[in-house]
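The following paragraphs lead the reader through a single protein model. Please consult the sequence and the structure while reading.

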Amino acid sequence: MIDMHTHHHWVVLLILIAVIGGGGIVLAVQAFSNQNAPAGISGGAASLQMTGSMSDNSVLVTTETFENGTRYEKNGLVITVLQGNYREMGRQYGALYRNELTQIDTIMKTQFVSTPGITVAGMEQKGSNIFDAYPQRYKEIMYGMAETSNLSLADLQMINAMELYIPSVATGWTGCSGIAVWGPYTSDGKLVFGRNYDYSPVMTNYTTVTVWNPDDGSIPFANIGYTGLVYVTTGINEDKQFLELNMGASSGGSFRRTDRAIGVISLFSVLQDAATPDQMNYRLRSVTTDTAYVINTASPEGAYSYEWTTWNIVRRAPDRDGVVVGTNHFVDPSWGLTPPQPLSLYDNLSGESGWRRENLLMFADQNKGSITPAKVMNVMSTPLEEGGVFLAPDTTSYQIVAVPADLRIWVRVPQRLDWTQIDLQPLFEGASGN
C-alpha cells in the first residue's frame, strides 16, 4: 500500500469531507490460457502435494511453467514460484502472469482514467519516477518482465504504481489491521498472525502469492499482494520472519518524500536480508521510507510493531506478554500523541483505527490460552460492528493468517476466495525446515 495523499480518510482530516467519490471498477473473472504465450511456456495438470492439517485443501495444481518458474493454482488462488537471478525471475514473472498483467494494463488505461485527474500519461510518469529510484537488481526484475509479458517497460512501471490510484477510483475507507498472538495466548504456544489489507475490492481479483528464490545468496521469501507490484506489503521469508505494512499517515503525516525510494521497496530487501528478529530490527533501522507506516513483524519467537516516519522509527513493546496489535495510528508514548478513541469523530475520520485495535485486544483477552489459526481467521472476518475488524462491504481487500514456525499461511479474498492454506516450505528452493 503506497500513499498518494488521496486516501480519503486523510483528506477528510484536513478539509472535513466525508469520502472521496469514485467510479467503482467492476472486474470480470476470466479464464487464463496459454494462447499467445511467450515461447517456453507450457501448460499442465501436475500437482504438488503439500503437507498440512486441512486434507481438503492440500494440493497445488501446476498450470504453467516458464524457464525455471512455475505457476500453481489452488481454489482459484494463483501461487507462482520464481528461481534464478533477478532478470530471470522477472522473465518468469512476466510470462506466468502475462494474462493478469495485460488485464490490469487495460483496466488502468480504460477505467482508472474515468476518474477526474487521472490520465495514462500521468500514471506512466508516476510509475517512471518510482522506477528511477529502485535499486538496480529490482529494475532487472521489471526489465525481465518487459521481455516476456508483451507489455512495454512503461506499461509495467504504470502497473507498479497502481496502488497510488486505487483510493481515487474506489469507494469506502482504506486502512489495515494486524494482530500477533503467541505463548500464553495460543492453544499450542505458537505465534499466529492475522492481517487484513483494507484497500477496497477494486483489484482483489489479482491477489496472488509470489515466491522469490534468488540465486544471489539472499533469503527466499513469499510476497502476498496484487499482481504487477514489485514491492512488499505482506511477506514471509524462508527463515520464518514475517512482516506486513499499514498506513500510518494519521500519526506520522500524509506527506511524501519524493527524493527517496518508496518505503515498500525497502521491505523487499528487508525480507531478503533478515534471518532473525534482531536482523529484522537492524534492517528496518537501516532503511528509509518516503511516507509514514506501521510495520508489524513476527517470528516464532514473538512480534513487534514499528512506527515508521520519514525522520524516525520506533519499535513499540508488545501490548501484552504475547500480544501485538497494530492498525493505522501510532501507539508508543514517545510520540506524545493522543490515540483515537473508538467511535470518536477522530477515529471515524482515521478509518476506525482505534476501534479496530480495541476489538483485537478484546479478542486476545477473551480467548487467552485457546487461540488457534481458525479463531484468528474468524475475528479477522467478523464485521467491525460485531467485534471483529472486517470492514464490509467495500473496504477489506484480502486477508492473511500466518504461522511463521510452520511456514504456513492462509489467504482469503472476500466474496471470491475462502480461506486457502498454502504451505510455503516446499516452495522455497532448498528449504531446510529448521
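For the protein, the mean pLDDT is 87, with 85% of residues reaching 70 or more.

This is a predicted model, in which local features need pLDDT of at least 70 and side-chain atom pairs count only at pLDDT 80 or more, while totals for chains, interfaces and linings use all residues. Residues are numbered from 1 along each chain as its sequence is written, and side-chain values use heavy atoms, with hydrogens and water left out.

The secondary structure comprises 13 helices and 18 strands; helices (H or I, at least four residues) and strands (E, at least two) are DSSP runs, numbered from the N terminus. Of the 434 residues, 60% are buried, where buried means under 20% relative accessible area, exposed over 50% and partly exposed in between, with a 1.4 Å probe and protein chains only. Among contacts between residues at least 6 apart in sequence, 66% join residues at least 24 apart.

Helix α5 (residues 136-148) may be considered next. At 1.5 Å a residue, its 13 residues should span 18 Å, which agrees with the 19 Å between its end C-alpha atoms; the expected span is 1.5 Å times one less than the number of residues. The buried residues of α5 include Tyr138, Ile141 and Met145. After α5 comes asparagine 150, whose phi is positive, near 65°.

Two loops also hold residues with positive phi. Asparagine 75, which is not a glycine, has a phi of about 55° and is placed in the loop between β4 (69-74) and β5 (77-84). Lysine 240 has a phi near 70° and is placed in the loop between β10 (234-237) and β11 (242-247). Lysine 240 counts as buried because its relative accessibility is 12%.

Where does the model leave enclosed space? On a 1 Å grid over the protein atoms alone, a cavity is a set of points where a 1.4 Å probe fits but cannot get out, and lining residues have an atom within 4 Å of a point. There are two cavities of 30 Å³ or more. The lining of the largest cavity includes Tyr93, Asn223 and Tyr231, and β9 gives the largest share, four residues.

Definitions and conventions: On a 1 Å grid over the protein atoms alone, a cavity is a set of points where a 1.4 Å probe fits but cannot get out, and a pocket is an open set with protein on both sides within 12 Å along at least five of seven lines; lining residues have an atom within 4 Å of a point. Grid points are joined across faces, edges and corners, and a volume is the space filled by probe spheres set on the points. pLDDT is the predictor's confidence in each residue, from 0 to 100. Contact means heavy atoms within 4.5 Å.
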